[in-house]
Amino acid sequence: MDLLYLSRADVDSVALDMPTIIRLLETAFGEKGEGRVEMPPKPGIHTQPDAFLHAMPAYIPALRSAGIKWVGGYPGNQRLGLPYISGLLVLNDAETGLPYAVMDCTWITAHRTGAATALSARYLARPDSQVVGILACGVQGRTNLQALATVFPVKRVYAYDVVAEAQQKYVAEMALQLGIEIIGVDEPRQAVVESDVVVTSGPILQHPHATIQKGWLPPGAFASAVDFDSYWHPAALAQFDKVATDDHDQFSHYRRLGYFQGTPNPYADLGEIVAGHKLGRERADERTMAMNLGLAMDDMAVAPEIYRRAVERGVGTRLPL
Ligand SMILES: NC(=O)c1ccc[n+]([C@@H]2O[C@H](COP(=O)([O-])OP(=O)(O)OC[C@H]3O[C@@H](n4cnc5c(N)ncnc54)[C@H](O)[C@@H]3O)[C@@H](O)[C@H]2O)c1
């Protein structure tokens, strides 16, 4: 009995493509919308202010995927030259329960979160969305834009970060990678007021800095709040015609913990929308938002495909159980 260990470099080298990740998430959310996914809200421990270590189990029968992610998010790590997000993911055989793979979860967390934004946007944003605002030019700022560019005809991006060097690096890298115009801006407002799609991807804070004010986001635009409500003033949140989330139970769980005190109740979760039980965008002038909190199911939708491709290519290290 053994398992396959995939290091961060191993997972990187598999380089699963974004359209496949979005497709896998769409299948998983469709299953969730029909009540066919087992996923308890994530428990966590908190060893530093605004930091977390979360246990995230999920079982998706249609994808024969069962497992758990044990993931940390530490805002102070940037100062230490360490990643904000780190952790491990274990896949278990659905018949026997035996673990058959352990992998670094950094790549998967980065990419499935971007894919969840793009999937939400496919249902909630205008299909002709061309201008994207990115507030926080880190890992999520990158993968969210990559995913959006696979679904929408993105032509221009306004990018903002509190750290000037992070912003400059982002502008250079993403312009080269995607071949689109990326404009670094000095004020958060400039990344919002002309955008069709806005992604906020800074630190998650229990007490939001609430920088984005009422009236900044144009009618007809879509926003993805990867960093929860940290960036949005309650009056700006109140202007949305539709706020969706990825899981009602998890949203309520976080609200009980003290988050989302100024956020309207989500009208739908992404599973309900993908399964067709709730409508996405109905009018061109609606302001819509995805407040996706990140689900274990997102990871378990993608991890078995990474495992399969790693096995095919002979990537990874066999370890005895
Ligand atoms: N919702 C989800 O599913 C999900 C999943 C993964 C990560 N996250 C969250 O996404 C966020 C970003 O993660 P990451 O891996 O990209 O981190 P990262 O460290 O790579 O990037 C964070 C960036 O934010 C910048 N920043 C800090 N404060 C800012 C502000 N007020 N305005 C603009 N920029 C600011 C930093 O300079 C840095 O460039 C974290 O809050 C993380 O917890 C959410």
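The face of helix H7 turned away from its buried side carries two exposed residues, Asp249 and Arg256. The model described here is predicted. H7 runs over residues 248–257, and its buried residues are Gln250, Phe251 and Tyr254. Seen down the axis of H7, these buried residues fall within an arc of 105 degrees, so they line one face of the helix. An α-helix has 3.6 residues a turn, so residues three or four places apart point the same way. Just after H7 comes Gly258, with a positive phi of about 115 degrees.

The C-alpha trace spans about 60 × 40 × 40 Å along its principal axes. Of the 321 residues, 56% are buried. Among contacts with a separation of 6 or more, 72% join residues 24 or more positions apart.

The protein chain exposes about 13,600 Å². Carbon and sulfur atoms supply 54% of that area. Charged side chains number 28 positive and 36 negative. The centres of the two sets lie 2 Å apart.

Methods. Residues numbered from 1 in each chain as written. Predicted model: local features only at pLDDT ≥ 70, side-chain atom pairs only at ≥ 80, totals over all residues. Heavy atoms only, no water. Buried < 20%, exposed > 50% of the residue type's maximum accessible area, 1.4 Å probe, protein only. Contact = heavy atoms within 4.5 Å. Areas by Shrake-Rupley, 256 points an atom, 1.4 Å probe, with all protein chains shown as cover. Lys, Arg positive; Asp, Glu negative; His and termini not counted. Charge placed at Lys NZ, Arg CZ, Asp CG, Glu CD. Helix = DSSP H or I, 4+ residues; strand = E, 2+ residues; numbered from the N terminus. Arc of directions from axis to C-beta.
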